[in-house]
Amino acid sequence: MVKAKRKPIEEIKQSIADYDKVLTVGCGGCVSVCLAGGQREVNALNAELKLKCKNDARPKTFGSYTVERQCNNQFLAELDDKIKDYGCILSMACGAGVQLLAERFPAVPVMPAVNTIAIGVDREIGMYEEKCRACGECVLAYTGGICPVTRCAKGLFNGPCGGTNRGKCEISQDIPCAWLDIFERLKAQNRLDDIMKIQPPMQWQNQVQRTIVQQPYERRYYK
């Protein structure tokens, strides 16, 4: 599922500085499940923005509405009669939802209120772990269901480097070697022939696996 995290409040405030009436639109899909953009988060953002803007020379009015999914035009129809009352829209959906909203209402500025972070899994309440980078060339069938694009710190696509040390990556002792995990899983499944199947080169961003913790839950996990 897509995971997102709210943008800093000052960045959001700056993006709506030129507009007096702002409609904050939530999404009942992925961002709601990961506690970043559902109706509760819409209400919390509007309350925070009202406090931030109350002493400004230019007063603002905030409206709120949450559709079932912003990535589906069918659900955006609910906003057709509401948009005319507002100068801009704050979208709390993923990047896909923001773009579809902007496409449906091209005359109205649409500002993202969250950053789309990853495709991941739920680990704890408010804590998510990236599992997929949406590279478009999935090789999980050959790697025992372990993604080398996301899991390998170097993004290696055809086997391990020479930097494994006692099962950890040379980049950091906190990072398990993804290719060792792939080897062990394929071995347990009697599928080691798969590791010898060379995959053609592809393009991806060389980043390490990320964990996303929503701001209200940071104290729970970061002490």
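Visitor: Which residues in helix 5 are buried?

Guide: The model is a predicted one. In helix 5, Gly97, Val98, Leu100 and Leu101 are buried. These buried residues pack against helix 4 (73-76), strand 4 and strand 5.

Visitor: What makes arginine 151 count as buried?

Guide: Its relative accessibility is 15%, and the term buried applies under 20%. Arginine 151 therefore counts as buried. The residue is found in helix 6, which spans residues 148-151.

Visitor: How do you know that the side chain of arginine 151 makes a polar contact with the side chain of aspartate 181?

Guide: The distance is 2.6 Å, and the cut-off for a pair of N or O atoms is within 3.5 Å. The pair therefore qualifies as a polar contact between the two side chains.

Visitor: Why is glutamine 214 called buried?

Guide: The value for glutamine 214 is 3% relative accessibility, to be set against a limit of under 20%; the residue therefore counts as buried. Glutamine 214 is found in the loop between strand 10 (211-213) and helix 8 (218-221).

Visitor: With which residues is glutamine 214 in contact, leaving aside its neighbours within four places in sequence?

Guide: Contacts of glutamine 214 include Ala4, Lys5 and Arg6, and also Cys34, Leu35 and Ala36. Gly126 and Tyr128 are likewise in contact with glutamine 214. A polar atom of the glutamine 214 side chain lies 2.7 Å from the backbone oxygen of alanine 4.

Visitor: What makes strand 2 and strand 4 a pair?

Guide: Two strands pair if there are at least two bridges between them. Strand 2 (residues 21-27) and strand 4 (residues 88-91) have 4 bridges, in the parallel sense, and therefore meet the requirement. Leucine 23, for example, has isoleucine 89 in strand 4 as its bridge partner.

Visitor: In what order do the strands of the open sheet lie, and which are the edge strands?

Guide: The open sheet has 4 strands in the order 3-2-4-5, with parallel pairing. Its edge strands are strand 3 (61-67) and strand 5 (110-112), since each pairs on one side only. On average, neighbouring strands of this sheet are turned by 25° against each other, direction ignored.

Visitor: Which helix lies across strand 2, strand 3 and strand 4?

Guide: That is helix 3 (residues 39-53), running at about 170° to strand 3. Helix 5 (residues 95-104) also packs on the sheet, touching strand 4 and strand 5. The direction of helix 5 makes about 175° with that of strand 5.

Visitor: How do you know that strand 6 pairs with strand 1 and with strand 7?

Guide: The requirement is at least two bridges. Strand 1 (residues 2-6) and strand 6 (residues 114-124) run antiparallel and are joined by 5 bridges, and arginine 6 has valine 114 as its partner in strand 6. Strand 6 and strand 7 (residues 127-132) also have 5 bridges in the antiparallel sense, with glycine 120 opposite glutamate 130.

Visitor: How many residues lie between the two strands of the hairpin formed by strand 6 and strand 7?

Guide: There are 2 residues between them, and glycine 126 in the turn has a positive phi of about 80°.

Visitor: What places lysine 21 over the face of tyrosine 86?

Guide: Lysine 21 lies at 5.5 Å from the ring centre, and the distance limit is within 6 Å.

Note on methods
Residues numbered from 1 in each chain as written. Predicted model: local features only at pLDDT ≥ 70, side-chain atom pairs only at ≥ 80, totals over all residues. Heavy atoms only, no water. Buried < 20%, exposed > 50% of the residue type's maximum accessible area, 1.4 Å probe, protein only. Polar contact = N/O pair within 3.5 Å; in protein donor to acceptor, adjacent residues only side chain to side chain. Axes fitted to C-alpha atoms, helices over the stretch in contact; angles between N-to-C directions. Contact = heavy atoms within 4.5 Å. Lys NZ or Arg CZ within 6 Å of the ring centre and 35° of its normal.
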